Amino acid sequence: MKTWTFFLAGLAVGALTFGAARLTGNDYVFFAGYVVLQSVVLATAWNILGGYTGYVNFGSSAFFAVGAYTTVFFYKTFPMPVPLLVLCGGVVSGIIGLGMGYLTLRLRGAFFAIATIALLVVLQTLIVNWTYVGGSRGAYIIRPQSVPLLGSYIQYLFLIMLTLAVVAVTCARLIERSQLGFGFAAIRDDEMAAEASGVPTLKLKLIATTISGAFMGMAGAPFPYYISYLQPSSAFVLDYSVNAIAMSMIGGTSTWLGPVIGALLLGTLQQVASVTASPAVNLLIVGLLLIFFVIVAPNGIVGLAQSLRARMRR
Amino acid sequence: MSELLAVENLGKKFGGFVALDGINLSVRKGERLGLIGPNGSGKSTFVNCICGTLRNETGSVRFEGALLDGKIAHQRTRIGLARSFQLPRPFMTMSVADNLRIPLLYTVNARSGPRITSGDAAARTHELLALVGLEAKALHRPSDLTQIEMRKLELARAIATEPKLLIADEAMAGLSQSEIDDILKLLMQLNERGITVILIEHIMSAVMSFSQRLVVFVSGRKIADGVPTDVMRDPDVVRAYLG
């Protein structure tokens, strides 16, 4: 399928989802759906770096928070419509991603992962001490009661996140099938051999950290409008990082489809659990599922399906 | 014949261990050079320094007259310096054919000249696989290959970069005589097409039949350089090998 066809098909699926959600007549569906879609974007973004090039990033929440705080900053200095704020959040987080790539260019494996956690701590400290964006007290965002055409504001945010999810997934799929994706895979498999084959590994890694960071920031940009009160501890939570990793791993990291399946499955499960059981059950579910998949299907759901299909063909 | 590779006073230390100690070497265009030496004599370090995998501490490397200082590995590959790794390092999650696609996309296409389209690339990978006798395994993963087939893939991936100089680092270790002959024939063919070859090998029969010139390393130093038959009679070489 051509990228444009895929993108349009994605938009069509999105439109159907939106229509179905409206039919329920319950705004809570949008509240819960927003979080699930946010997970799709975060997991897809994580996978561009973590799945394609093999660099495990534990700092997803830092990029997410940078996107969110970019919105808070512009809310106070130069108010803009949310779609533009999404772009701004993407640009700022992309630059942070590029910076992270430069600073960690010699680190691999566990050392890279540790450095990304350090980034999370450093950025959080910075925000906590920056009173203009609320510091440790947090910042209030007053969102409009309603928007024209759609009615409730949450539906508007839902629609933005839905569009962003389609864009992120299309972008991930495009990368996966392009020369860039081939280069990423070569880096993941063997960086030294990739260099020897002419792959400019540093340049490609920087592209990956930038794109991945940008999408995470985009996912975070509408967040202050979603919760209307943003404090550092609600944006810089490790949960986002862990979820992004777990969702990609459970779905399967080698294709664009893996994080989508993982995020939809785990995200929905978490939403259902926080309503029916308690919000604290969320992380328990993530932990148990992750252990289960690491043991039973280390390549995730997509990997499991691929190997089953290969076995049937033989 | 003009000079292709000029190595001057190349030195490399690992902590207190001197791996390379002032190596001078000149390789002419189209030459077939054999490089031998006992284990730990610095052959692989030498290759790594030339190809940019490791950084030399002293000395310089020139390729076609241009200084390579500061050029990183992929840039050296792109100007025509290719190497195979002593222990094969295939891209494990890709098919055998896709393993060869990487150098086509990232090295050949990065040079000026006609770009390889995806159709060309398919034909080219097929041709390369036929050259090393791996056509039947094109769609397999490297993990399905035998050790010998992996060595062939390693060599094919280096050839795919369309190099001017090919450094084959122990491409034949563990192979049977007929397989060695296959690889030698392949390297000869490449040499006839104008590719300069440096062969690093322990199998003496292969080195002797292939090389026009033989260089011997012992503990990071070059102790002999010349016509293979003369070098083998050199008392220093005899002492290094037989004690």
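Analyst: Two residues count as being in contact when heavy atoms of theirs lie within 4.5 Å of each other. By that test, the contact between the chains of this predicted model takes 23 residues from chain B and 19 residues from chain A.

User: What makes up the area buried between chain B and chain A, and which residues of chain B lose the most?

Analyst: About 1,800 Å² is buried between chain B and chain A, and carbon and sulfur atoms give 60% of that area. On the side of chain B, the residues that lose the most area to chain A are His74(B), Phe91(B) and Tyr106(B), which together account for 31% of what that side buries.

User: How do you know that Asp190(A) forms a salt bridge with Arg89(B)?

Analyst: The rule asks for a side-chain nitrogen of Lys or Arg within 4 Å of a carboxyl oxygen of Asp or Glu. In the pair Asp190(A) and Arg89(B), the closest N and O atoms are 2.8 Å apart, so the pair meets the rule. Across the interface of chain B and chain A the rule finds 1 salt bridge, while the count over all chains comes to 17.

User: Why is the pair of Arg108(A) and Glu191(A) called a salt bridge, and which parts of the chain does the pair link?

Analyst: The closest N and O atoms of Arg108(A) and Glu191(A) are 3.5 Å apart, which is within 4 Å, and therefore the pair counts. Arg108(A) sits in the loop between α4 and α5 of chain A, whereas Glu191(A) belongs to helix α8 of chain A, so that the pair, 83 residues apart, links distant parts of the chain.

User: Why is α6(A) described by its direction relative to α9(A) as it is?

Analyst: The axes of helix α6 (residues 153-177) and helix α9 (residues 201-220) of chain A come within 11 Å and cross at roughly 170°. Angles over 145 degrees count as roughly antiparallel, and therefore α6(A) is roughly antiparallel to α9(A). Residues making this contact include Met161(A) and Leu164(A) of α6(A), together with Ile211(A) and Phe215(A) of α9(A). By class, the contact has 10 nonpolar, no polar and no charged residues.

User: What makes β2 and β5 of chain B edge strands?

Analyst: These strands belong to an open sheet of 4 strands in chain B, with the order β2-β1-β4-β5 and antiparallel pairing. β2 and β5 of chain B each have a single partner strand, so one side of each is left without a neighbour in the sheet.

User: How do you know that β1(B) and β4(B) pair?

Analyst: Pairing asks for at least two bridges, and 5 bridges join β1(B) to β4(B), so the two strands pair, running antiparallel. Within this pairing, Val7(B) stands opposite Val61(B). Helix α1 of chain B lies across β1, β2 and β4 of chain B, running at about 115° to β1(B).

User: What is the order of the open sheet of 6 strands, and which strands are its edges?

Analyst: The order in chain B is β6-β7-β8-β3-β9-β10, with mixed pairing, and β6 and β10 of chain B are the edge strands, each pairing on one side only. The twist averages 15° from one strand to the next. Between β6(B) and β7(B), which run parallel, there are 4 bridges, and the partner of Ala82(B) in β7(B) is Leu166(B). Helix α5 of chain B packs on this sheet, touching β6 and β7 of chain B, and its direction makes about 175° with that of β6(B).

Key:
Residues are numbered from 1 along each chain as its sequence is written. Chains are lettered from A and ligands numbered from 1 in the order in which they are written. This is a predicted model: local features need pLDDT of at least 70, side-chain atom pairs count only at pLDDT 80 or more; totals for chains, interfaces and linings use all residues. Side-chain values use heavy atoms; hydrogens and water are left out. Axes are lines fitted to C-alpha atoms, for helices over the stretch in contact, and angles run from 0 to 180 degrees between N-to-C directions. Angles under 35 degrees count as roughly parallel, over 145 as roughly antiparallel, 65 to 115 as roughly perpendicular and the rest as oblique. Ala, Val, Leu, Ile, Met, Phe, Trp, Tyr, Cys and Pro count as nonpolar, Asp, Glu, Lys and Arg as charged, and the others, Gly among them, as polar. Buried area is the accessible area (1.4 Å probe) that two parts lose on being put together, summed over both.
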